[in-house]
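Dear colleague,

I am handing over the structure below, together with a short account of what was found in it. Please have it open beside this message while you read.

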2 protein chains.
Amino acid sequence: MKTIDGLTEEEERAATVFRALGNPARVRIVTELAKRQACYTGDLVEVLPLAQSTVSQHLKVLKEAGIISGAIEGNPCYCLDERTIRWLVDFCYRVCCPAGEGVAPAGGGREPVECGASAC
Amino acid sequence: MKTIDGLTEEEERAATVFRALGNPARVRIVTELAKRQACYTGDLVEVLPLAQSTVSQHLKVLKEAGIISGAIEGNPCYCLDERTIRWLVDFCYRVCCPAGEGVAPAGGGREPVECGASAC
DNA sequence: GTATGATATCGAGGATTTACGATGAAATGC
DNA sequence: GCATTTCATCGTAAATCCTCGATATCATAC
């Protein structure tokens, strides 16, 4: 993969995080982790139709991207790093609507707020 | 890539969109498109250190994922499909904070709202 | 009709990812 | 000590991705 040198640090990081989330198994891991708050590797191996070594590698990818983290007292127990998800959401928001029209729900509201008009 | 059959449609789509965004060149295209509202292919070729055919393929990937769209009166002019970005943000929000504690800024506020506590 | 310009698609290479089984490491229980 | 359990890492094969040049398409201009 060629390096795009005009890229900001933020864009670079976004690409890395998006890439890590861009796999069905890893999305599943993330949603499972969100549901359960914290999981051992074995819990996730049970949920996924993949070999233990494969799940372990997916976890590594997610960890390197900063999406998951953690070990509770030395136990290999994973959980979501919500700061990264928030950062990603914020990135999307800023890219999509730099003027600040609003792109995502927050608090109680569930409906996405209307954003700047599309040019096409 | 093995198919994960427990996956919901939503998770499947999220993985596809994340995957499409998970490449530095494509992130650059998206941010450029957001800045300019609409671009011809040639504009993007100028910005990126890639061959025209390569840029065209990246555009195809983004288009297939529903991230970009459009042709103004037959001209091959692209622009962001903000609905997809909003959908993605909404997905992140729901995964991260199913209880609705808030994960993203909306409207004027720029600081991410505090989310449910991490388990790790 | 023919050239020009802009874009998409094809085909091929090299790199990366995904998946697996086998092996290593570290803690727990006998 | 030795077996067991749990997880990470290694090595490797197959699939996919990224990139390019070459070629096809499709307007517009002459």
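H4(A) supplies the largest share of the surface near DNA strand D, namely 6 residues. Sorted by class, the surface near DNA strand D has 8 nonpolar, 10 polar and 2 charged residues. Please bear in mind throughout that this is a predicted model.

The most is given by H4(B), with 6 residues in the surface near DNA strand C. By class, the residues of the surface near DNA strand C are 8 nonpolar, 10 polar and 2 charged.

**Chain A as a whole**

Chain A has 5 helices and 3 strands, and from the N terminus on its elements follow the order α-α-β-α-α-β-β-α. Of the 120 residues in chain A, buried residues make up 39%. Among the contacts in chain A with a separation of 6 or more, 41% are accounted for by residues 24 or more positions apart.

**Where helices meet**

Two packed helices are described by the angle between their axes and the distance between the axes. One such pair joins the two chains: the axes of helix H1 (residues 9–21) of chain A and helix H2 (residues 24–36) of chain B come within 9 Å and cross at roughly 120°. That angle makes H1(A) oblique to H2(B), and the crossing in which H1(A) passes H2(B) is right-handed. In this contact, Glu11(A), Glu12(A), Ala14(A) and Ala15(A) of H1(A) meet Pro24(B), Val27(B), Arg28(B) and Thr31(B) of H2(B). By class, the contact of H1(A) with H2(B) has 4 nonpolar, 1 polar and 3 charged residues.

A second pair lies within chain B, where the axes of helix H1 (residues 9–21) and helix H5 (residues 82–96) come within 11 Å and cross at roughly 120°. H1(B) and H5(B) are therefore oblique to each other, and their crossing is left-handed. On the H1(B) side, Glu10(B), Ala14(B) and Val17(B) meet Thr84(B), Leu88(B) and Phe91(B) in H5(B). The residues of the contact of H1(B) with H5(B) divide into 4 nonpolar, 1 polar and 1 charged.

**One residue of helix H1 in chain B**

Finally, Ala20(B) is found in helix H1 of chain B. Ala20(B) and Lys63(B) are 43 residues apart in sequence, while in space they are 9.1 Å apart, C-alpha to C-alpha.

With best regards

Key:
Residues are numbered from 1 along each chain as its sequence is written. Chains are lettered from A and ligands numbered from 1 in the order in which they are written. This is a predicted model: local features need pLDDT of at least 70, side-chain atom pairs count only at pLDDT 80 or more; totals for chains, interfaces and linings use all residues. Helices (H or I, at least four residues) and strands (E, at least two) are DSSP runs, numbered from the N terminus. Ala, Val, Leu, Ile, Met, Phe, Trp, Tyr, Cys and Pro count as nonpolar, Asp, Glu, Lys and Arg as charged, and the others, Gly among them, as polar. Axes are lines fitted to C-alpha atoms, for helices over the stretch in contact, and angles run from 0 to 180 degrees between N-to-C directions. Angles under 35 degrees count as roughly parallel, over 145 as roughly antiparallel, 65 to 115 as roughly perpendicular and the rest as oblique. A crossing is left-handed if the near helix is turned anticlockwise from the far one by less than a right angle, and right-handed if clockwise. Two residues are in contact if their C-beta atoms, placed from the backbone, lie within 7 Å. A residue is buried if 20 or more other C-beta atoms lie within 10 Å of its own, exposed if 12 or fewer, and partly exposed in between; C-beta atoms are placed from the backbone.
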